[in-house]
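Subject: Structure for you to look at

Dear colleague,

I am handing over the structure we spoke about. My notes on what was found in it follow below.

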Amino acid sequence: MFIPFSPPDIREEDVEAVAAVLRSGWITSGPVGAEFSEALSTYCDTVDTVLVNSCTSGLELSLRALGVGPGDEVIVPAYTYTASASVIDHVGAKIVMVDVEPGSFFVSAGTFESAITDRTKAIIAVDMAGVMNDTRPIYEAIERRKELFVPTNQLQEQIGRVALIIDAAHSLGASREGYRAGSVADFTAFSFHAVKNLTTAEGGALTWNKNLPVDHKELGALLRVLTLHGQNKSALEKSKASSWEYDIVSPAYKMNLPDILAAMGYSQFKRYDSILDRRHEIVARYDEILADTDTVALRHSGEDFRSSGHLYLLRLNGYSQEDRNQFIADMHSQGVSCNVHYKPLPALTAYRNLGFKTSDYPNSMAQYSNEVTLPLHTCLTDEQVDYVANAARNLLLSRP
Ligand SMILES: *Cc1c(COP(=O)(O)O)cnc(C)c1O
């Protein structure tokens with residue numbers, strides 16, 4: 001038996017959808033992406049969604065639209081993937097890194113609040129494993145520090161406080177208190193990378209809060225221009241009769257999603273409810289089989305929330321980092337591919353070189369040291385799910 005960690009679950013209908021675009025005569029951003037974008041907005045209860053070539057691009061796009069740059073600060077957790085933080089560096093702002101709560105994969109509102117200064121322009125929080133952040137106390141913290149906020153452009157003025165951006169690479173379809181991921185933060189960036197719940201191989205989407213006091217049409221247009229070289233007309237618009245002329249309004253990046261990829265995502269989106277249900281079924285089965293082991297699994301549902309079931313994060317009580325690594329090797333020798341989410345940013349060369357120290361992030365380091373992520377995806381059969389959980393359970397229970 002070999003059980004990969006997170007293979008793409010591509011069905012015949014996805015292949016058909018991609019083939020239809022290839023045959024259509026229009027393969028880059030166009031009508032299919034527009035349909036997918038509209039479906040995502042409806043699903044997330046937002047007014048508009050901009051498709052991009054990655055979640056990283058989406059995060060960076062939100063910072064660029066907000067005009068965040070040199071002299072500004074953006075707060076981000078130490079416990080995340082590099083993309084949540086690297087985008088801050090890309091726009092020339094200062095990364096302000098904060099620790100998670102003891103025994104938690106999340107940063108508390110109080111910690112975010114303490115890190116807010118008169119230079120802070122945004123907080124990037126992470127919906128770890130597909131569990132949504134509780135944004136209410138974070139907004140309250142931002143509100144309490146409102147007098148410190150110094151807006152330096154029109155969008156910042158309109159928002160009037162530090163912006164809350166969510167790295168929702170994991171959390172498409174998650175909900176909390178009846179609100180879906182995408183609808184609660186100011187900006188939310190999803191990932192459609194190959195290992196995520198819904199994939200376009202590479203891709204992502206940026207949506208924003210319908211309650212933002214902005215002209216949504218204008219913001220949507222600005223964001224789209226920023227994905228297309230700063231060009232004020234898309235390739236599709238230009239292809240219409242006598243419509244060749246365009247302007248470049250800023251020397252922007254190229255980060256749009258072609259229709260070939262959008263078709264793949266839209267096709268999966270049509271069965272996304274069943275994808276989420278299956279993921280929760282697997283989580284419940286893992287929880288059940290591992291119930292008598294000395295472990296703590298991240299909760300994926302509760303009275304007021306339901307995750308997207310993206311990652312099964314398991315902490316092995318009493319295990320050192322070496323023990324955990326041995327556990328992963330032992331699982332591998334039984335054909336089960338596991339992973340670790342995440343090695344905290346200060347433990348990585350790039351962030352060490354920026355001056356961050358692991359000793360300043362003890363809670364993140366503790367979470368990391370005995371964490372293991374079990375395979376969780378919709379290619380798993382019931383038999384494989386039981387095989388994975390029992391392999392883990394036997395290893396845990398046979399430990400002297
Ligand atoms: C995958 C991932 C990203 C990056 O997504 P891309 O679409 O590859 O840019 C960002 N943040 C987190 C937490 C991720 O897991």
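Val296 stands opposite Arg315 in β13. This is a predicted model, and that residue pair belongs to the antiparallel pairing of β10 with β13 (residues 312-316), which runs over three bridges. The two strands are part of an open sheet of three strands, ordered β10-β13-β14 and paired in the antiparallel sense. At the edges are β10 (295-297) and β14 (371-374), each of which pairs on one side only. On average, neighbouring strands of this sheet are turned by 30° against each other, direction ignored.

A second open sheet has four strands in the order β7-β6-β12-β11, with antiparallel pairing. Its edges are β7 (179-180) and β11 (301-302); each has a single partner strand, so one side of each has no neighbour in the sheet. β7 and β6 (residues 175-176) run antiparallel and are joined by two bridges. Arg176 has Tyr179 in β7 as its bridge partner. As background, the strands of a sheet pair through backbone hydrogen bonds, in either a parallel or an antiparallel arrangement.

Next, the ligand. It sits in the second largest pocket and is surrounded by 13 residues, of which Thr56, Asp167, His170, Ser191 and Lys196 are the closest.

- Thr56: an N or O atom of the side chain is 2.4 Å from an oxygen atom of the ligand.
- Tyr342: a polar side-chain atom lies 2.8 Å from an oxygen atom of the ligand.
- Lys196: an N or O atom of the side chain is 3.3 Å from an oxygen atom of the ligand.

Of the 380 Å² of accessible area that the ligand has on its own, the protein covers 91%.

Phi of Asp45 is near 60°, a positive value in a residue other than glycine. For context, most peptide bonds are trans, and most residues other than glycine have a negative phi.

Regards

Definitions and conventions
Residues are numbered from 1 along each chain as its sequence is written. This is a predicted model: local features need pLDDT of at least 70, side-chain atom pairs count only at pLDDT 80 or more; totals for chains, interfaces and linings use all residues. Side-chain values use heavy atoms; hydrogens and water are left out. Two strands pair if DSSP finds at least two bridges between them. Axes are lines fitted to C-alpha atoms, for helices over the stretch in contact, and angles run from 0 to 180 degrees between N-to-C directions. A residue is near a molecule or strand if one of its heavy atoms lies within 4 Å of it. A polar contact is a pair of N or O atoms within 3.5 Å; within protein, one must be able to donate a hydrogen and the other to accept it, and residues adjacent in sequence count only if both atoms are side-chain atoms. Accessible areas come from the Shrake-Rupley method with a 1.4 Å probe; for residues, only the protein chains shown count as cover. On a 1 Å grid over the protein atoms alone, a cavity is a set of points where a 1.4 Å probe fits but cannot get out, and a pocket is an open set with protein on both sides within 12 Å along at least five of seven lines; lining residues have an atom within 4 Å of a point. A molecule sits in a cavity or pocket if more than half of its atoms lie within 2 Å of its grid points.
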